[in-house]
Amino acid sequence: MSTEQNILNAVVIASNPGQDRALQNEAIEFLNTVRAGATETWPIALKLFVGDDSASRTKQNVHVRLFALQVLDELLDNRQEELVNAGRAQETYGTLQSTLGAYITEEYVSGSAEAHAPFIRNKFSHTLALLFLCTYPDQWPTFFTDISPLLHASPGSSSPTLNPHVTTFFLRLLLEISGEIHDQTIKSARSFVASRHARDTSIRDAIRAKDAVGVNAEVLRIIEETITLLEAVRAGSAPLSESLGQTQLVELVELATRAFASYVPWVDINLTVTPATINLLFKLLSDPVVPIRMATSGALLRIIQKGLKEPSDKLQLFRVLSLGQVLEMLEQKTRITGSKDETDDEEVSYRESLGKLTSGLGLELIKLCDEQSGPPPAVLTGAEELLQQLLPIMLRFLADDYDDISSSVFPMLSQIFVVYKRAKKNSPQTHLTAPKRNFLMQTLEILLQKMRWNPDDDPDELDDDDRAAFETLRSDLRLFLDSISAIDEELVASAIKTLAMNTLTRADDSVGWADAELSVYLVYLYGEFQKGDRSKGRAAFVTPPEEIAKDKRKTANWESYPLTPHGEMLDALMQSRISAYPHNAVAIQYFETVGRYGDFFKVRKQYVGGVLTTLIDARGIHHPKESVRRRVFYIFHKFIKDCKLEIPIEHVTTIIDSMRDILVVRAELPEPESSEQDLLNEALGSAGFFDSQLYLFESVGTLVSLLGKEPEKQAAVLESVTNPLLSSLQQSIQTPINGPQDILPILQAHHVIRALGSVAKGFPEASQSTDQGSVPAWILVLKQVAEAIIFSLERMNQHRAIRDASRFAFARIIASTGSNITQYIPMLMNHLIRQSQPVELVDFLSFLSFTIHKLQNEIFNVLDELVSPLSTHIFELLARPVEGTDDRLQHNDTKKAYLDFVTHIMNDRMHAVFVSERNKEQLPNLVQSIASIAEDLSDPSSSRIALTFLAKSTVAFAQAPDAPGASGPLVQLDVVPGYQTFIYERLVPLAFGIPASPSFNIKDGQSLSATMEIGVLLKQIYQARGQEAIKYLAEVYLPSTNWPPNLAAEFVTKLAELDSKQFRKYFADFVRSSGAS
């Protein structure tokens, strides 16, 4: 079978979605091979695209012809060098030129211009543009003059009328050529290639020198002819033809205007800006058809952005265009007054394009006003005058109800603020002139109103994209407020306060929901504009008569101090009826605000009860809408956590009682979509209602902890919360599980265990010196919880979800109860390890590190039994071959978690476990394995942690009595015989060998960090062995590696004299300079 037939078959298979996947992949692979071999397959591709005649092209599969163009594109765009090296470039391009030229004449001049498949026209214009780039000006210097006569070649017509097919093709071709040789968006998407950049520059120069005049004349002629025909058709004075109807004339005018705009940036401005072109563009700017106006607006934007050498020429261009007056007229003319449902989207898009034109002009004027570039005084004065004329226009676009229109002038506004901030820096006392301040006040008023929701919208009914768009707009507007605040902080603070207070002081039925929400949002926002001490803690809300010392802040009478402006706003918020406003958006913003400023309620405690009431009733955690409830669960938790000491103790049980109906755990499974779906993993992997509910359980724990002065009541209330959960857990354990799909009991048990852990998290962290003689009653309750979790783990240990939940819960119980829970740790570890999968090791090691840190010597015996078999198991896993990206990630994560674990043992001074009777035989293997990890430069993060462990091990296991480190008061000696030999034979060569490795790059941040750790390791060796280490380095190791004696002497002197921080910096500089030399 021929290659041509194979291509035909492969395209049919690849483009058929119903084909067998394996066969389809084979077809795609074959087509990729054909495309990659374009230097050999292009003749076949050319034949498949051009065919024998128009009829054969119509019959040919369009997917085949598109693929043929892809092959030609590959040849022309990526294989030029191969053709040149093979000496076939000129012949190949010549064949393409003649064949495609004939095709254009037959299909576009005389034919239907691919009427059956119009998308081929666009694709072919790109292909011909690529051929142009390969042949112009050397091989095909007459490219443009060959096409120009065809524009008016209309077979069958006695007069030279415009050929719409060729004209459309010509204009698209110009757009493609401009895009390839100048468009910065296209260029930035590609990797920079010097030869391509030089080619593009050469082609632009050649067009400017040879063909720009003719091309520009043809484009302007097309615009003039088509607009004249269009006006005649509109007036009814010209007959409509089949080839040039009104729709096609509009398309041609728009396309020609866009083509004109595409080459404006890189041809002589004297061609594109003439009295005739200016008149023509302004005429198009008032055309009744929006796409034509938008294309013209784009062309004018390109003209004003045109780079000119002389600032005076640029200013003169702006004066000639008089765009300020034109834009003022068009801004007034295009204002949209009707409802959004009645407004044409095209009119909105056109007004947006005018906003962009205004912004573009403004940015260019700001450049001319830049005093740092030293413009002539006349230019500076003239540009400032034009800019001042433009500012009111920009503000009207900024104030537009349509956000896309408003945001069109953001770039100009942003640059204005940059200039204003620079002026403040240069002239702090005189920068803010009256006109500037007036402009800032107007802008600020607009920005604050733009932050307001559209009253006709309901945020609850909007889709996620629309909500996200508004939140993004608010974020952008907030950044502008930041900029104004940097210029005049008081102006912003005063405006925000005034607007918010005006609404809050009259918060009644007359206030619309959007205004109510905005007023609360501004209270929320105000704190972001407070700087220094005014933004922190209680001082943000009250003004003490004098600064309060740290040791007296707890006893100070904060409630007696006068409020700051932000305190006054929050006070007004509390006194208003806004919390009862019947709109979800207002309620949510209210809760977000009180949740953010918990410190306010420490200076005005009288409002705590009212806030708690709103949080626990139908406005908050009992809200009928789940999405609102879930958010308020978190805010409630944050408020309780921040203000727990301000909550009256007598209200605690009332609050908890009001929450009981939502402290019920109900596991829910997702709807199955297929029989192969892993519902348990899906349920655990997606954040649902229960994940938000955990905040409530933690809040209950915090509330119960406040009852410490009544221990019996405290324990009873805690049991009233935990007992229903334990009953649910017991029921889940006892429920028979019938097959792998029966997972609800597992999920319910998982949720209940996590809920119990969250309750424990609400209690304060246990101190390290818990009095074992008097165990609080609430701890006994949590011990019952721990026993229940252990029992559940024993019964359901085969399920990873239960193991994960048990780790989660015990981490929180340990944090709250401390050593009181130690007795359960051996059973817990046994159950966790027995069924644990390799993928769980990272979480298990992290949990183990946490447990060591919290309980330390309390779990020494557990750790003693665990450390050797665990280390052996992990090193066996790390020794396995790594296959694939996921495997590599898991490998590195496990390695890092293990290194963190053994380093935690060293940090918590429990390293005696490594040299116990049970484990001392394993120590050599362990440190050798960790040394190997330190040398592995493919994972610098793990290498750094391994070096940290090894540095600590030198003092821990080889501390000489007379060495500098022996004087440390906290050093616990567990000297290991022979460890000093390991230091000199393994660690010292390792320390110098890592930076000397060819793959080591100290310019890399992680490698630099590893270098610092090596410096610490060497310093720790000196701390452990003292002069013995100095002597070994100076007389044995460094001479053996050919160090010059003077350099070796300097190095060991620095090692002995500098402290650890100084030496690691010295060592990093030493390695850096050694690499440079």
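Trainee: Why does arginine 57 count as buried?

Mentor: This is a predicted model, and the value is computed from it. Arginine 57 has 2% relative accessibility. Buried means under 20%, so arginine 57 counts as buried.

Trainee: Where does arginine 57 lie, and what is it in contact with?

Mentor: Arginine 57 lies in helix α4, residues 54-59. Leaving aside neighbours within four places in sequence, its contacts include Tyr103, Glu106, Glu107 and Glu114. Phe49, Val50, Gly51, Arg65 and His116 are also in contact with arginine 57.

Trainee: Take Glu114 from that list. What is the phi of glutamate 114?

Mentor: Glutamate 114 has a positive phi of about 55°, although it is not a glycine. Glutamate 114 lies in the loop between α7 and α8.

Trainee: How do you know whether glutamate 114 is buried or exposed?

Mentor: Check its relative accessibility, which is 0%. The cut-off for buried is under 20%, so glutamate 114 counts as buried.

Trainee: And asparagine 1042? Why is it called buried or exposed?

Mentor: Asparagine 1042 has 68% relative accessibility. Exposed means over 50%, so asparagine 1042 counts as exposed. Asparagine 1042 is found in the loop between α47 (1027-1040) and α48 (1045-1057). Its phi is near 65°, a positive value in a residue other than glycine.

Trainee: What makes the peptide bond from tyrosine 136 to proline 137 cis?

Mentor: Look at omega: it is near 0° for that bond. Proline 137 lies in the loop between α8 (119-135) and α9 (143-147).

Trainee: What makes the pair of phenylalanine 875 and tyrosine 898 stacked or edge-to-face?

Mentor: The ring centres are 5.1 Å apart and the planes are at 75°. Over 60 degrees counts as edge-to-face, so this pair is edge-to-face. Phenylalanine 875 in helix α41 (residues 860-879) and tyrosine 898 in helix α42 (residues 884-907) are 23 residues apart, and the pair links distant parts of the chain.

Trainee: Why does phenylalanine 875 count as buried?

Mentor: Its relative accessibility is 19%. The limit is under 20%, so phenylalanine 875 counts as buried. Tyrosine 898 counts as buried at 0%.

Trainee: Which residues do ring pairs link into a cluster?

Mentor: Phe992, Tyr1037, Trp1043, Phe1051, Phe1063, Tyr1066, Phe1067 and Phe1070.

Trainee: How do you know that arginine 812 lies over the face of phenylalanine 808?

Mentor: Arginine 812 is at 3.6 Å from the ring centre. The distance cut-off is 6 Å, and CZ must also be within 35 degrees of the ring normal. Arginine 812 is listed as lying over the face. Arginine 293 lies over the face of tyrosine 350, at 4.5 Å from the ring centre.

Trainee: What puts the buried residues of α16 on the same side?

Mentor: In helix α16 (residues 275-285), the buried residues named are Thr277, Ile278, Leu280, Leu281, Leu284 and Leu285. They cover an arc of only 165° around the axis, which puts them on the same side of α16. On the other side, Pro275, Ala276 and Asn279 are exposed.

Trainee: Last one. How many helices, strands and disulfides are there?

Mentor: The protein has 49 helices and zero strands. The structure holds zero disulfides. Of its 1077 residues, 49% count as buried.

Conventions
Residues are numbered from 1 along each chain as its sequence is written. This is a predicted model: local features need pLDDT of at least 70, side-chain atom pairs count only at pLDDT 80 or more; totals for chains, interfaces and linings use all residues. Side-chain values use heavy atoms; hydrogens and water are left out. Rings of Phe, Tyr and Trp (its six-membered ring) pair if their centres lie within 6.5 Å; planes under 30 degrees apart count as stacked, over 60 as edge-to-face and the rest as tilted. Helices (H or I, at least four residues) and strands (E, at least two) are DSSP runs, numbered from the N terminus. Buried means under 20% relative accessible area, exposed over 50%, partly exposed in between (1.4 Å probe, protein chains only). A disulfide is a pair of cysteine sulfur atoms within 2.5 Å. The arc is that of the directions from the helix axis to the C-beta atoms. Contact means heavy atoms within 4.5 Å.
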